[in-house]
Amino acid sequence: MRPPGCRNFLLLASSLLFAGLSAAPQSFSPPSLRSWSGAACRLSRAESERRCRAPGQPPGGALCHGRGRCDCGVCICHVTEPGTYFGPLCECHEWVCETYDGSTCAGHGKCDCGKCKCDEGWSGDACQYPTSCDLTKKKSNQMCKNSQDVICSNAGTCHCGRCKCDNSDGNGLVYGKFCECDDRECIDDETEEICGGHGKCYCGNCYCEAGWHGDKCEFQCDITPWESKRGCTSPDGKICSNRGTCVCGECSCHDVDPTGDWGDIHGDTCECDERDCRAVYDRYSDDFCSGHGQCNCGRCDCKAGWYGKKCEHPRSCPLSAEESIKKCQGSSDLPCSGRGKCECGKCTCYPPGDRRVYGKTCECDDRRCEDLDGVVCGGHGTCSCGRCVCERGWFGKLCQHPRKCNMTEEQSKSLCESADGILCSGKGSCHCGKCICSAEEWYISGEFCDCDDRDCDKHDGLICTGNGICSCGNCECWDGWNGNACEIWLGTEYP
């Protein structure tokens, strides 16, 4: 309930406001423009458009050079690609100017709104041509020759030691200091688009978008870009080891042997570089590891009596090769238990610096106590020389089985049945819903004892070379190792 005085005041104010509006001229209308922020624009439409129009243009001319919209006297430029148009009136088309021989405007001009303004005595899109020339024709032509001694790559003419590329249609597809780049090579014959519209062209070569491949990006992959990237990722996390191109999940290594055979760079993810094994790189030379070792994926395995990254240093040892190997074998069938390198009767265990592999003959490998997730003895025990010592109440190779079980026998067996309805595939016993595979058949493994570890690849007589875990017929290599049998060491240091 308002007091009477307040009500009378409101009636008086309303009357005065109505009278003021009635007395206003009939042509008056409130501003209709609003700025991008939503606030009312204080400029009239004519003034706003005048400010968005280039100087000298009559009323009704294109606003913002036809490349943007006018918002309360300010041009908002259209951007279909980053940096396409900019400037107060959207008058600039490019952020950068043409370059020549690595220098913007050839060092003979200034960049203004994406175009070179040349100094006096210079001309051209990149200010690369002198207006007067004091060179002889012979000297001029010599300066225009490419690495094959061809003047302007037969794709242009020479002007005072500088190539002027043939671009009669004005599309600028032929360019380069020696007109060596011809982007017409990227045009798809069917679609007449650059790289089929699915890539970018650089110096006549197409670089395809994810999911496309081919010389002109004309073929589409039948797998997703994510699957393609995963298939090309090398053990160190790089795409094709930064030595190749990923095409639909397969790496095409940059280096190809001239004979068409195995190139110096090879491997599923281009992880192997044989050039690292040569003392002096010559692709036609067979001088690997200085002649004193074998090249294994770009790393030298030196013969007895030699050491060094390229087996270039002789090693003096009072023991014969047979005596040295015998001392390194110990009770094992292989020198250093297959987990190290034998040098003069002493084992150097690898990976270098990994304390999980140790012992006089590298006989202890605590990595065998870890599951695929890296958990030691299932978190219920300690590792001693590659074997788990379980805490009370737990048992199993990795202390993964509890002795007490809260399940009924029926519940337990229902979880141990394989796809064919057989309990643990007939190759193990069921305990608390988990299969315990037969110890007599050491090679049986898997959740339902359905895997045969003999299917895993071997090297030097060892499954997964002792450098990984056999997981249902496939080697899961430990860090630093690669290959079907984990036989390739990719670490930065090699013993």
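What are the helix and strand percentages over residues 368–400, and how many Å apart are the end C-alpha atoms? The chain there is 0% helix and 30% strand, with the end C-alpha atoms 14 Å apart.

This is a predicted model, in which local features need pLDDT of at least 70, side-chain atom pairs count only at pLDDT 80 or more, and totals for chains, interfaces and linings use all residues. Residues are numbered from 1 along each chain as its sequence is written, and side-chain values use heavy atoms, with hydrogens and water left out.

**Figure 1. The protein chain as a whole.** The secondary structure comprises 6 helices and 42 strands; helices (H or I, at least four residues) and strands (E, at least two) are DSSP runs, numbered from the N terminus. Of the 495 residues in the protein chain, 31% are buried, where buried means under 20% relative accessible area, exposed over 50%, and partly exposed in between (1.4 Å probe, protein chains only). Among contacts with a separation of 6 or more, 27% are between residues 24 or more positions apart; a contact means heavy atoms within 4.5 Å. The structure holds 38 disulfides, a disulfide being a pair of cysteine sulfur atoms within 2.5 Å.

**Figure 2. Spans annotated as EGF-like.** The UniProt annotation "domain: EGF-like", from an unreviewed entry, covers residues 96–128, 143–180, 185–218, 276–312 and 368–400. UniProt positions are given in the numbering used here, feature names are shortened, and annotations may be inferred rather than shown by experiment. Residues 185–218 are 0% helix and 29% strand, and the C-alpha atoms at the ends of this span lie 13 Å apart.

**Figure 3. Surroundings of E218.** E218 sits in the loop between β15 (212–213) and β16 (219–220). Its relative accessibility is 34%, so E218 counts as partly exposed. Apart from neighbours within four places in sequence, E218 is in contact with D188, W212 and H213.

Figure 4. Strand β1 (residues 68–71) pairs with β2 in the antiparallel sense over 4 bridges; two strands pair if DSSP finds at least two bridges between them. G68 is placed opposite C77 of β2. The two strands form a hairpin with 2 residues between them, and C72 in the turn has a positive phi of about 55 degrees. Strand β2 (residues 74–77) has C75 and C77 on its covered face, with V74 and I76 on the uncovered one. In a regular strand the side chains alternate between the two faces of the sheet.

**Figure 5. The disulfide of C77 and C90.** The sulfur atoms of C77 and C90 are 2.1 Å apart and form a disulfide. This pair links distant parts of the chain, 13 residues apart: C77 is in strand β2, and C90 is in the loop between β2 and β3 (99–100). The link of C77 and C90 is left-handed, with -100 degrees about the S-S bond. Both C77 and C90 are buried.

**Figure 6. The disulfide of C118 and C127.** C118 is joined to C127 by a disulfide, S to S 2.1 Å. The torsion about their S-S bond is about -90 degrees, so this disulfide is left-handed. C118 has a relative accessible area of 30% and is partly exposed, whereas C127, at 0% relative accessibility, counts as buried.

**Figure 7. The disulfide of C240 and C251.** C240 and C251 form a disulfide with sulfur atoms 2.1 Å apart. It links distant parts of the chain, 11 residues apart: C240 is in the loop between α4 (225–232) and β17, and C251 is in strand β18. The S-S torsion of C240 and C251 is about -95 degrees, so the disulfide is left-handed. C240 counts as buried at 0% relative accessibility, and C251 is buried with a relative accessible area of 18%.

Figure 8. Most residues other than glycine have a negative phi. C248, in the loop between β17 (244–247) and β18 (250–253), has a positive phi near 50 degrees. S425 has a positive phi of about 55 degrees and is found in the loop between α6 (409–416) and β33 (428–431).
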